[in-house]
Amino acid sequence: MNRQILMTDDWVGKPRVLKAKETLQAINPDVEIEAVHEYVTPENVDSLVQSADMAIDCAHNFTERDLLNSSCVQWRKPMVEAAMDGMEAYLTTIIPGVTPCLSCLFPEKPDWDRRGFSVLGAVSGTLACLAALEAIKLITGFNQPLLSQLLTIDLSRLEFAKRRSYRDRSCPVCGNNAPWRYLQSQSMEPTTNCNK
Ligand SMILES: [Zn+2]
């Protein structure tokens, strides 16, 4: 509850995604929202990604994050990558074929790949606003998203740093020998409508 400003106490025990839709439509009745009450799985990830213009990755573990990353790379969809633990957070925007992908950045997974990690609501809220800003930049073309840079945030000290990130040419997801490149060479190229 402490990090879910779209939620209310009377909804405890019910699917968050449906409450999020309800609250967002109360804020702005003109938006159309399709809530999908599912975790990201190998079975649904491609259809979810293909039906979207971009993804914002806020999944709680690297299983789902890696699935989203691979699918976004394959289908050429931008992905805003946001994660936090305690008072720390990181943020970057991934453009397949242009920037490093999540697997380039984290070939080995951090030990915060778990449920039940500590959360201060204002920390996740700060990161969420920054991630939303990245999405707005991507959608509108207004100003420059955070490409090939990893923003690291330590809110215990209010320290923000931008670190240059690099593509790994041998990355199993986006590298030269990634499986989807074979499909491309066989004229089964995924859609390419989001290549800013
Ligand atoms: Zn990669």
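Tutor: The discussion below goes from the overall pattern to the strands, a helix and the core. Please keep in mind that this is a predicted model.

Student: How many helices and strands does the protein have, and what pattern do they follow along the sequence?

Tutor: The secondary structure comes to six helices and five strands. Read along the sequence, the pattern is α-α-β-α-β-β-α-α-β-β-α. As for contacts with a separation of 6 or more, 60% of them in the protein join residues 24 or more positions apart.

Student: In which sense do E2 and E3 pair, and over how many bridges?

Tutor: One reads a pairing from its sense and its bridges. E2 and E3 pair in the antiparallel sense over seven bridges, and Ala-82 has Leu-91 in E3 as its bridge partner. The two strands form a hairpin with two residues between them. In that turn, Gly-86 has a positive phi of about 60 degrees.

Student: Which strands pair with E4?

Tutor: E3 and E4 pair in the antiparallel sense over four bridges, and E4 pairs with strand E5 (residues 159–164), also in the antiparallel sense, over six bridges.

Student: Why is E3 described as largely enclosed by the rest of the structure?

Tutor: Burial is judged residue by residue. Five of the seven residues of E3 are buried, so the strand is largely enclosed by the rest of the structure. For the protein as a whole, buried residues make up 25% of the 196 residues.

Student: How should I read helix H5, and which of its residues are buried?

Tutor: An α-helix has 3.6 residues a turn, so residues three or four places apart point the same way. In H5, the buried residues are Val-123, Ser-124, Leu-127, Ala-131, Glu-134 and Leu-138. They cover an arc of only 85 degrees around the axis, which puts them on the same side of H5. On the other side, Gly-121, Ala-122, Cys-129 and Thr-140 are exposed. What covers the buried residues of H5 includes strand E1 (55–57), strand E2 (79–85), strand E3 (88–94) and strand E4 (149–154).

Student: How far apart should the ends of H5 be, and what follows the helix?

Tutor: At 1.5 Å a residue, the 20 residues of H5 (residues 121–140) should span 28 Å, and the end C-alpha atoms are 28 Å apart, which agrees. H5 is followed by Gly-141, whose phi is positive, near 75 degrees.

Student: Which residues have the most contacts inside the largest nonpolar core?

Tutor: In soluble globular proteins, nonpolar side chains tend to be buried together. Here the largest nonpolar core has 29 residues, and those with the most contacts inside it are Leu-68, Cys-72, Ala-89, Cys-101 and Leu-127. Two or more residues come from each of helix H2 (45–50), helix H3 (62–74), E2, E3, helix H4 (102–105) and H5. E2 gives the largest share, five residues.

Student: With which residues is Cys-72 in contact, leaving aside its neighbours within four places in sequence?

Tutor: Cys-72 is then in contact with Val-49, Ala-55, Lys-77, Met-79, Ile-94 and Pro-96.

Definitions and conventions. Residues numbered from 1 in each chain as written. Predicted model: local features only at pLDDT ≥ 70, side-chain atom pairs only at ≥ 80, totals over all residues. Expected span 1.5 Å × (residues − 1). Buried ≥ 20, exposed ≤ 12 C-beta atoms within 10 Å, placed from the backbone. Arc of directions from axis to C-beta. Contact = placed C-beta atoms within 7 Å. Pairing = 2+ DSSP bridges. Core = buried A, V, L, I, M, F, W, Y, C linked by C-beta atoms within 7 Å.
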